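Have the viewer ready and follow along.

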Amino acid sequence: QVQLVESGGGLVQAGDSLRVSCAASGRTFSSYRAGWFRQAPGKGREFVASISWSGDNTYYEDSVKGRFTISRDNAKNTLYLQMNSLKPEDTAIYYCAATAMHRKTYDYWGQGTQVTVSS
């Protein structure tokens, strides 16, 4: 079992940077694949980025490539999403998620943190 708690969201201006974090509890987080998703007002939840348990492999949705960086510190049981050059269309609730490596879907979700980018 893994519990996830996001933090670090807020209101920023277009072009600014922001880092959101996700603190995980449970001994198994370091062996789990993890990711970030987001949900904008009136839209469905969409994939943003994911990272393997070791941090060696990362994947990004096309619209955030080159601007966002996903990373993890397994010693601290923490997942990060560094967001640079933010755009108003990045406004959304950002969720972290985790799952065992053999699973195709994410089993554990945080409650989300709001990121608002003003133009």
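In this predicted model, the largest nonpolar core holds 29 residues, and Leu4, Trp36, Leu79, Leu81, Met83 and Tyr94 touch the most other members. A nonpolar core here is a set of buried Ala, Val, Leu, Ile, Met, Phe, Trp, Tyr and Cys residues joined through side-chain atoms within 4.5 Å. Buried means under 20% relative accessible area, exposed means over 50%, and partly exposed is what lies in between (1.4 Å probe, protein chains only). Two or more residues of the core come from each of β3 (18-25), β4 (32-39), β5 (45-51), β7, β8, β9 and β11 (113-118). The largest share, 5 residues, is the contribution of β9.

Pick Leu79 and look at who sits around it. Ignoring neighbours within four places in sequence, Leu79 is in contact (heavy atoms within 4.5 Å) with a list of residues that includes Val20, Cys22, Phe29, Trp36, Ile51, Ile70 and Cys96.

Some bookkeeping before going on. Residues are numbered from 1 along each chain as its sequence is written. The model being predicted, local features need pLDDT of at least 70 and side-chain atom pairs count only at pLDDT 80 or more, while totals for chains, interfaces and linings use all residues; side-chain values use heavy atoms, with hydrogens and water left out.

The chain has 0 helices and 11 strands, where helices (H or I, at least four residues) and strands (E, at least two) are DSSP runs numbered from the N terminus. How do some of these strands line up? An open sheet is made of 4 strands in the order β1-β3-β8-β7, with antiparallel pairing; two strands pair if DSSP finds at least two bridges between them. Its edges are β1 (3-7) and β7 (68-73), each pairing on one side only. From one strand to the next, the twist averages 15 degrees, with axes taken as lines fitted to C-alpha atoms (for helices over the stretch in contact) and angles running from 0 to 180 degrees between N-to-C directions. At the β7 end, β7 and β8 (residues 78-83) pair in the antiparallel sense over 6 bridges, and Thr69 stands opposite Gln82 in β8.

Next, follow β4 into β5. These two strands are antiparallel partners over 6 bridges, and Arg38 stands opposite Glu46 in β5. They form a hairpin with 5 residues between them, and Gly42 in the turn has a positive phi of about 75 degrees. β5 goes on to pair with β6 in the antiparallel sense over 3 bridges, with Tyr59 in β6 as the bridge partner of Ser50. That makes another hairpin, with 6 residues between β5 and β6, and Gly55 in its turn has a positive phi of about 90 degrees.

What about the charged side chains? The whole structure has 5 salt bridges, a salt bridge being a side-chain nitrogen of Lys or Arg within 4 Å of a carboxyl oxygen of Asp or Glu. Look for Asp90 and Arg67, whose closest N and O atoms are 2.8 Å apart. Asp90 lies in the loop between β8 and β9 (92-100) and Arg67 in the loop between β6 (58-60) and β7, so the pair ties together parts that are 23 residues apart in sequence. Asp90 is buried at 1% relative accessibility, and Arg67 is buried too, at 10%. Asp62 and Lys65 meet in a salt bridge of 3.1 Å, N to O; here Asp62 is exposed at 58% and Lys65 partly exposed at 48%. Asp107 and Arg103 form a salt bridge as well, with the closest N and O atoms 2.9 Å apart, and both count as partly exposed, at 35% for Asp107 and 36% for Arg103. Through shared partners, salt bridges join Arg38, Glu46, Arg67 and Asp90 into one network.

Finally, step back to the whole chain. Its C-alpha atoms fill a box of roughly 40 × 25 × 25 Å along the principal axes. Of its 119 residues, 43% count as buried. Among contacts between residues at least 6 apart in sequence, 56% join residues at least 24 apart.
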